[in-house]
Amino acid sequence: MKDQKKRGRPRAFDAKAALGKARDVFWDRGFAAASLDNLSAATNLNRPSLYGAFGDKEALYLDALEAYRQDGMDVLKQALDPSLPLRDNLARVYAGALAIYLHGETAARGCLLIGTASVEAVEHERVREVLGRSLNDFDGEIEKRMRIAVERGELPESADPLALARLASAVMHSLAVRARAGDSRETLEAIARSGVELICGSTHV
């Protein structure tokens with residue numbers, strides 16, 4: 001949010017709450033279909049106040065993406081607590097992701113970045129930058145844990161931490177898309193378990 005764009009906002013304005021409401025509109029409708037009337041109603045801000053607080057519609061969307069990205073990184077870091085086995089870490093990552101992806105009043109929302117930013121990235125360079133940086137950040141955080149796993153012998157010495165991190169991320173992307181498409185929790189949890197086994201090795205004898 002731009003500090004210089006503050007005029008016209010209500011005295012009791014709560015930027016974080018308003019951004020959360022706007023995020024929900026974008027999450028449900030996507031960037032293109034989210035109208036200013038939708039955003040004004042959700043945030044309880046008239047158009048001048050909305051512009052004054054966040055700038056134009058794209059700037060508001062970018063702020064929503066950045067906040068979502070940061071929240072996602074916080075959840076990911078907690079799930080990857082190195083005091084736990086890698087298998088447990090990945091299970092926690094996917095469980096946390098599904099808790100987010102399956103949320104929604106009318107249908108499962110999936111991931112805000114994968115579900116909406118990937119659509120807008122072709123036409124909007126700034127959206128493409130946030131999306132690419134977010135995916136790289138997520139991969140990088142998982143890669144750190146994969147490197148620790150190699151050092152500890154949880155993974156073979158020949159394992160490629162970055163490749164495995166991207167694979168782990170790819171499972172999340174698949175869960176996000178399938179959640180938004182209406183797959184059941186049972187199906188998604190089975191995919192998540194398969195992802196853990198693919199990376200860590202099967203526990204079956």
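Q: I'm new to this one. Which residues do ring pairs link into a cluster here?
A: This is a predicted model, and in it the cluster joined by ring pairs is made of Phe-26, Phe-31 and Tyr-61. To read such a feature, look for aromatic rings with their centres within 6.5 Å of each other.

Q: How many aromatic pairs does a search of the whole structure find?
A: The search turns up four aromatic pairs. Take Phe-26 and Tyr-61: their ring centres are 5.0 Å apart, with 65° between the planes. Planes over 60 degrees apart count as edge-to-face, and that is how the pair of Phe-26 and Tyr-61 is classed.

Q: Why does that pair tie together parts that are apart in sequence?
A: Check which element each partner sits in. Phe-26 belongs to helix H1 and Tyr-61 to helix H4, so their pairing ties together parts 35 residues apart in sequence.

Q: Are Phe-26 and Tyr-61 buried or exposed?
A: The general idea is that buried means under 20% relative accessible area. Both Phe-26 and Tyr-61 are buried.

Q: What about the rings of Trp-27 and Tyr-68: how are they arranged?
A: Their centres are 5.3 Å apart and their planes meet at 80°, so this pair is edge-to-face. Trp-27 is in helix H1 and Tyr-68 in helix H4, so the pair ties together parts 41 residues apart in sequence. Trp-27 and Tyr-68 are both buried.

Q: Back to Phe-31. Which residue lies over its face?
A: That's Lys-57, which lies 4.6 Å from the ring centre of Phe-31.

Q: How do I go about reading a pocket?
A: Rolling a probe the size of a water molecule over the atoms shows where empty space is left. In this structure, the largest pocket has a volume of about 340 Å³. There are 20 lining residues, and those closest to the pocket's centre are Tyr-68, Gly-72, Ile-100, Tyr-101 and Phe-138. Helices H1, H4, H5, H6, H7 and H8 each give two or more residues to the lining.

Q: Which element gives the largest share of that lining?
A: H4 does, with six residues.

Q: And what classes of residue make up the lining of the largest pocket?
A: Sorted by class, you get 15 nonpolar residues, three polar ones and two charged ones.

Q: Where does Arg-92 lie?
A: Arg-92 is part of helix H5. For a sense of distance, go to Pro-48: it is 44 residues from Arg-92 along the chain, and their C-alpha atoms are separated by 43 Å.

Conventions: Residues are numbered from 1 along each chain as its sequence is written. This is a predicted model: local features need pLDDT of at least 70, side-chain atom pairs count only at pLDDT 80 or more; totals for chains, interfaces and linings use all residues. Side-chain values use heavy atoms; hydrogens and water are left out. On a 1 Å grid over the protein atoms alone, a cavity is a set of points where a 1.4 Å probe fits but cannot get out, and a pocket is an open set with protein on both sides within 12 Å along at least five of seven lines; lining residues have an atom within 4 Å of a point. Grid points are joined across faces, edges and corners, and a volume is the space filled by probe spheres set on the points. Helices (H or I, at least four residues) and strands (E, at least two) are DSSP runs, numbered from the N terminus. Ala, Val, Leu, Ile, Met, Phe, Trp, Tyr, Cys and Pro count as nonpolar, Asp, Glu, Lys and Arg as charged, and the others, Gly among them, as polar. Rings of Phe, Tyr and Trp (its six-membered ring) pair if their centres lie within 6.5 Å; planes under 30 degrees apart count as stacked, over 60 as edge-to-face and the rest as tilted. Buried means under 20% relative accessible area, exposed over 50%, partly exposed in between (1.4 Å probe, protein chains only). A charge sits over a ring if NZ of Lys or CZ of Arg is within 6 Å of the ring centre and within 35 degrees of the ring normal.
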